[in-house]
Amino acid sequence: MAELDIDTRAAKLGIDWSQVNLDSIQLPPGENFGIESDDEGVYHDDQLEFDTGFGNIIVVDNLPVVPKTKFEKLENVLKKIYSQLGVIKEKGLWMPVDPNTGMTLGYCFIEFNTPQEAQNAKEKTHGYKLDKSHIFAVNMFDDFDRLMNVKEEWEAPQTKPYVPGENLQKWLTDEKARDQLVTRSGPDTEVFWNDARQKNTELVHKRPYWTESYVQWSPLGTYLVTLHKQGAAVWGGADTFTRLMRYQHNMVKLVDFSPGEKYLVTYHSQEPSNPRDASKVEIKVFDVRTGRMMRDFKGSADEFSIGGPGGVAGASWPVFRWAGGKDDKYFAKLSKNTISVYETETFGLIDKKSIKVDNVVDICWSPTDSILSLFVPEQGGGNQPAKVALVQIPSKVELRQKNLFSVSDCKMYWQSSGEYLAVKVDRYTKTKKSTYSGFELFRIKERDIPIEVLELDNKNDKIIAFAWEPKGHRFAVIHGDQPRPDVSFYTMKTTQHGGRVTKLGTLKAKQANALFWSPTGKYIILAGLKNFNGQLEFFNVDELETMATTEHFMATDIEWDPTGRYVATAVTSVHEMENGFTIWSFNGKLLYRNLKDHFFQLAWRPRPPSFLSPEKEEEIAKNLKKYSKKYELEDQDVSLLLSEQDREKRKALKEEWEKWVKQWKSLHEEEKLARQSLRDGEVSDEEEEEDEAKEVKEVEFEDVIEVTEEVVQE
């Protein structure tokens, strides 16, 4: 009814609307007289949002038909099987019973927390052999509804036109061969091109509150992952960064990719109500492209805290260590006295058994092969020596073992190409009051995997840092006493010494406590972080010479771009001042700074490995001058353009200044008569001084320039 009609009707009935309290009017229960509630639309929207159907329920058929006495036993067996594949809701397992016989009907309904868990359970257990007579037939509950509504007459399916997705590698085709980096500052997450020629960044994508904690690139740079209360999400593209997939895991805190980007591991821990209890941990493994949960792992934080210094709530991270290569075939988890190696075809244990190793405390995969290195400390008060072993997967054959004596601690470092394994061993002296360090160097690719022992010239030197050269045969060691330790360089491959490790040289008394090799090798940054306040030395290892020595005061992070052309140093919000990042060339030339308040994170976008063979890369390096001419001309054009832009900027500033001076002089001249009238016709003191300054006066003066004494002989 229109508002005018209501007013007319009220007037006829003698009702004065101004005297009526509308809030006091109540309709009879169950009646609305056609008046729709203001929140009716909201109510329907809520119903649509929460009406999720039965997508989280599965039906398991071909179960044993059992009497009431065996009902509980069968129910426990089913819960044991399906609780490994997802969270079963409270009273979420129901087995119908024949009311006449009291026997089960041979099937059950299982309700999971999420449809993804239900789908995963269906795929993993359909065809599961409980015994010879009972092979599970598993279906989604929603499938029954769909199958019951199949039309009697067949209809040809509609062919949908192909819509190509976005090229997720498009960013690699940038005409300027630039690299991208992501930063987080304040509420904003921003992706930039590093345009070093223009000495600035170019914004690609910016989004406030994009993540609730941090962001992370996938190992090959295809995806950017963000974390949220409901789970994780991956985004891709060169500039659009559209959301490609979501992964449900409430209150996710950490994520990790497999090396080939096929799988995403998410981590959540929950603090216990009783402080004496351990935190509860849940880890899920998802298929990155489909979003399917492949498997989840649950337990206390103590079960996931072996083999690392600790991540969130005491669990070491990453919990799962992935085998090297792009195949993503194996991953391993370290537990007490056990190494569990899983294969991704079924996400079950290899041979359905874990590897039993008493007192094992650390494991590490080769970056390129399915070889697992492990460390076992001394046992029995030193009666049983420590050992480092190499195990081939999936055969579980031990390839090599080295017993170590009087060991205090041990750390394993794989070279990026998987050719070498360096084991830093800290040993006790005879008195057991102090320790000294050395290296056990494994040559993985050589026959029988020979091992060399390397001790420093002064074996009492403390080893502060160690780093392999990527794609090379050299390594660097910082050793000695703070605040000015030494830095030594070694090579595993020399023609003069028949393949034995050889020292190339030592740099004395350097302000360094961290090493950062270029991804392409040859160049390294000797960095002094924390107490050294950001000292940086750019060093050429081929020539054993320093290219530049500089400083980024209070720097907290250093990261090379994936091509080894540029370096980013950053001051994060750990410090209150000078937050932001600085971009340097590979040889230590400062290119530009970008200051940002509340700066949290910087990460370069990784590049996938080149398709070029090592021989082709070496050929290009030898003929670099031929290929570089094109880019030198482009650099020259950019340099000229920047110079021209600088000249234009200076010219504009000069013209603006001259215009302002001209306007001021004109105004000064216009007000001259007004000033004279205020002074009764007298000019101002300033004008008199200006007139006097304009007069040219000639002044003569004498000055003695030089006095010489000369004796004249008669």
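This is a predicted model: local features need pLDDT of at least 70, side-chain atom pairs count only at pLDDT 80 or more; totals for chains, interfaces and linings use all residues.
**Exercise 1.** Decide whether Glu-190 is buried or exposed, and find its side-chain partner.

*Solution.* 
- Step 1: locate the residue. Glu-190 sits in strand S8, residues 188-195.
- Step 2: check accessibility. Buried means under 20% relative accessible area. Glu-190 has 8%, so Glu-190 counts as buried.
- Step 3: look for a polar contact. The side chains of Glu-190 and Lys-596 are joined by one of 3.0 Å.
- Step 4: list neighbours, leaving out residues up to four places away in sequence. Glu-190 touches Leu-181, Val-182, Leu-203 and His-205, among others.

**Exercise 2.** Describe the largest nonpolar core and say which element gives the largest share.

*Solution.* 
- Step 1: count. This core has 19 residues.
- Step 2: pick out those with the most contacts inside the core. They include Ile-58, Tyr-82 and Phe-136.
- Step 3: name the elements that give two or more residues. These are strands S1, S3 and S6, with helices H3 and H4.
- Step 4: find the largest share. H3 gives four residues.
- Step 5: follow one member. Beyond four places in sequence, Tyr-82 touches Ile-58, Val-60, Ile-110 and Phe-136, among others.

**Exercise 3.** Characterise the lining of the second largest pocket.

*Solution.* 
- Step 1: give the volume. The pocket has about 640 Å³.
- Step 2: find the centre. Of 18 lining residues, the closest to the centre are Gln-84, Lys-124, Tyr-128, Thr-346 and Gly-348.
- Step 3: trace the elements. H3, H4, S17, S20 and S21 each give two or more residues. The largest share, three residues, comes from H4.
- Step 4: sort by type. The lining has seven nonpolar, five polar and six charged residues.

Note on methods
Residues are numbered from 1 along each chain as its sequence is written. Side-chain values use heavy atoms; hydrogens and water are left out. Buried means under 20% relative accessible area, exposed over 50%, partly exposed in between (1.4 Å probe, protein chains only). A polar contact is a pair of N or O atoms within 3.5 Å; within protein, one must be able to donate a hydrogen and the other to accept it, and residues adjacent in sequence count only if both atoms are side-chain atoms. Contact means heavy atoms within 4.5 Å. A nonpolar core is a set of buried Ala, Val, Leu, Ile, Met, Phe, Trp, Tyr and Cys residues joined through side-chain atoms within 4.5 Å. On a 1 Å grid over the protein atoms alone, a cavity is a set of points where a 1.4 Å probe fits but cannot get out, and a pocket is an open set with protein on both sides within 12 Å along at least five of seven lines; lining residues have an atom within 4 Å of a point. Grid points are joined across faces, edges and corners, and a volume is the space filled by probe spheres set on the points. Ala, Val, Leu, Ile, Met, Phe, Trp, Tyr, Cys and Pro count as nonpolar, Asp, Glu, Lys and Arg as charged, and the others, Gly among them, as polar.
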